[in-house]
Amino acid sequence: MYACTFTVAQVRAAEQPLLDAQTSPDELMQQAAHAVAQVARAMVEPGSRVLAVAGPGGNGGDALYAAAELAMSGYRVDALLVAGRAQERALAALRNAGGAVVDDVDGSYDLAIDGMTGIGGTAGLREEYADVVAALRPLRVLAVDVPSGINADTGESGELHVTADATVTFGGFRRAHVLSAACGVQLIADIGIGGRHLYETLSDTLPEWSADGPPLLTANRAVAPGFPVPEGMRTLAPAPVPSVEPGAADDKYSGGVVGIRAGSDTYPGAALLCTAGAVNATPAMVRYAGPQAAEVVRAHPEVVVADSVDASGRVQAWVFGPGAGTGEGEAAELRALLSAPEPLLLDADALTLLATHPDLLSALRERDAYTALTPHDGEFARLRDAAGISEDTRMEETLALAAELGCDVLRKGRATLISDGHLVYGLDAGHSWAATPGSGDVLAGIAGAHLARRAETSSLIAAATVHAVAAKLAAATEYGDATAPASRIAAFVREATALLTTTTLEANNA
């Protein structure tokens, strides 16, 4: 259930044999265009107004052929040629189907098909496209391959780029589909010629499994699309989440006891939120150690509390850092935990301590037991600099930091990246409701509970997926989505776990 992503070079290498095998002009392009038209039909009703925004290249041809197909099935279709020209046969097909070429974009379109640039486009569009991009912002947008202005390999964008509600691509996912939120919902159609399918050819180009290839980036999406996926297409699926149901012989200890060292007099809420995430993620015991013990047990009477880590009982994993403080006392606590044998998750203030205390960073490098770091982008930058890692793309530097420190790194964001130093796992939340104070504290608790059961990278991926789905459930109201405070996200961890466990079972049985 982890989808591979592919680089531009891999896609082009896989497409070439299919292009060479064409028996008529634009055979492969028309198959791609049919897939684009299918997704357009899923997004808007028949009779809707659709605008194909076409550049002079292959993606512009895809958009125009798709618009021609829509026109023949009752949609009202126009085309905007951003370069003043387009693929001639595709443009002729559009005109023959009754579509018209227009000079500008008005707000009356129900859907725009973005075919301005292709997978070879750079991050950011030229200023001459500014008016077109501005006109597309209020419209629903379906992008071909990647939204224009998004680098297909890195997901990076300049100031000027298209943001899509959905992106349809062919054969396999591009890296940008998980690295950039501008892609919206990501869908794949597997096109081919003469019995040879693009995905099969793409799979043959995977050098990631050998030492000399680019690093492998997998992709998942936590929340499903808001429209039906056309038959024969695939979209990114949630990562697998293991069941937390206890077995007949299990007890409160056997499911993985997690210890939480979080919160302080300055940030008491961090202790409550982190503990709530753990309590709702596991049937096993949760221990809390720290200055907010009285408040924690008042809010969560099932938690076993102590005033300090030393006074706490045995655990199978520790979470250290959310709101804990960055003084010498907290540095000493972290130093002790780094020398302990239990798996350890470090978040928030623990990351600040690592970035500002060279001896702690050295202790992390030398540590043999499992360790995970969960920084947001700002915390990551401080760790990167402290570790002497060069600034690079978000994916490459996450991989480099995990390899340099010898631990797992979960880099939080709309696109969460998780690396063990060898591979990178990408998770598109599918929304941004988790961008709220305290949300990371909840995630630390969920992840700690999962790591107490099984200390491995897949547990981090599962925890991030549960957190993303819980945030979406927390935002839902009978009137539509609204805010998702961190305490509400924690309250929906159970529902998210049940939903994802069921999804995983259904996928395994399919």
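**Entry 1: N220**

I started at N220, which lies in strand β12. I am working from a predicted model. Is N220 buried or exposed? Its relative accessible area is 2%, and buried means under 20%, so N220 is buried. I then listed what N220 touches, skipping residues up to four places away in sequence. M1, Y2 and V178 are on the list.

**Entry 2: β1 and its partners**

Which strands does β1 pair with? One is β12, residues 217-221, joined to β1 by 2 bridges. That pair runs antiparallel. I looked up C4 and found T218 as its bridge partner in β12. Another partner is β8, residues 173-174, again over 2 bridges. Here the pairing is in the parallel sense. T5 has F173 in β8 as its bridge partner.

Next I checked the faces of β1. In a regular strand the side chains alternate between the two faces of the sheet.

**Entry 3: the open sheet**

I traced the order of an open sheet with 8 strands. It reads β4-β3-β2-β5-β6-β7-β9-β13, and the pairing is mixed. Which strands sit at the edges? They are β4 (100-102) and β13 (234-235), each of which pairs on one side only.

Inside that order I picked out β6 (residues 141-144) and β7 (residues 166-170). They pair in the parallel sense over 3 bridges. L142 stands opposite A166 in β7.

I also looked for a helix lying across these strands. Helix α2, residues 27-43, lies across β5 (111-115), β6, β7 and β9 (185-189). α2 runs at about 155° to β7.

**Entry 4: the annotated positions**

N59 is found in helix α3, residues 58-72. Its relative accessibility is 9%, so N59 counts as buried. Beyond four places in sequence, N59 touches G115, T117, G118, V144 and D145.

D114 lies in strand β5. Its relative accessibility is 0%, so D114 counts as buried too. Setting aside neighbours within four places in sequence, I noted its contacts.

**Entry 5: α10 against α11**

Last, I looked at a helix pair. Two packed helices are described by the angle between their axes and the distance between the axes. Helix α10 (residues 328-338) and helix α11 (residues 349-356) pack at about 90°, with their axes 10 Å apart. α10 and α11 are therefore roughly perpendicular to each other.

Which residues meet? E330, A331 and L334 in α10 meet A350, L353 and L354 in α11. By class, this contact of α10 with α11 has 5 nonpolar residues, no polar ones and 1 charged.

Note on methods:
Residues numbered from 1 in each chain as written. Predicted model: local features only at pLDDT ≥ 70, side-chain atom pairs only at ≥ 80, totals over all residues. Heavy atoms only, no water. Pairing = 2+ DSSP bridges. Helix = DSSP H or I, 4+ residues; strand = E, 2+ residues; numbered from the N terminus. Contact = heavy atoms within 4.5 Å. Axes fitted to C-alpha atoms, helices over the stretch in contact; angles between N-to-C directions. Buried < 20%, exposed > 50% of the residue type's maximum accessible area, 1.4 Å probe, protein only. Parallel < 35°, antiparallel > 145°, perpendicular 65-115°, else oblique. Nonpolar A, V, L, I, M, F, W, Y, C, P; charged D, E, K, R; others polar.
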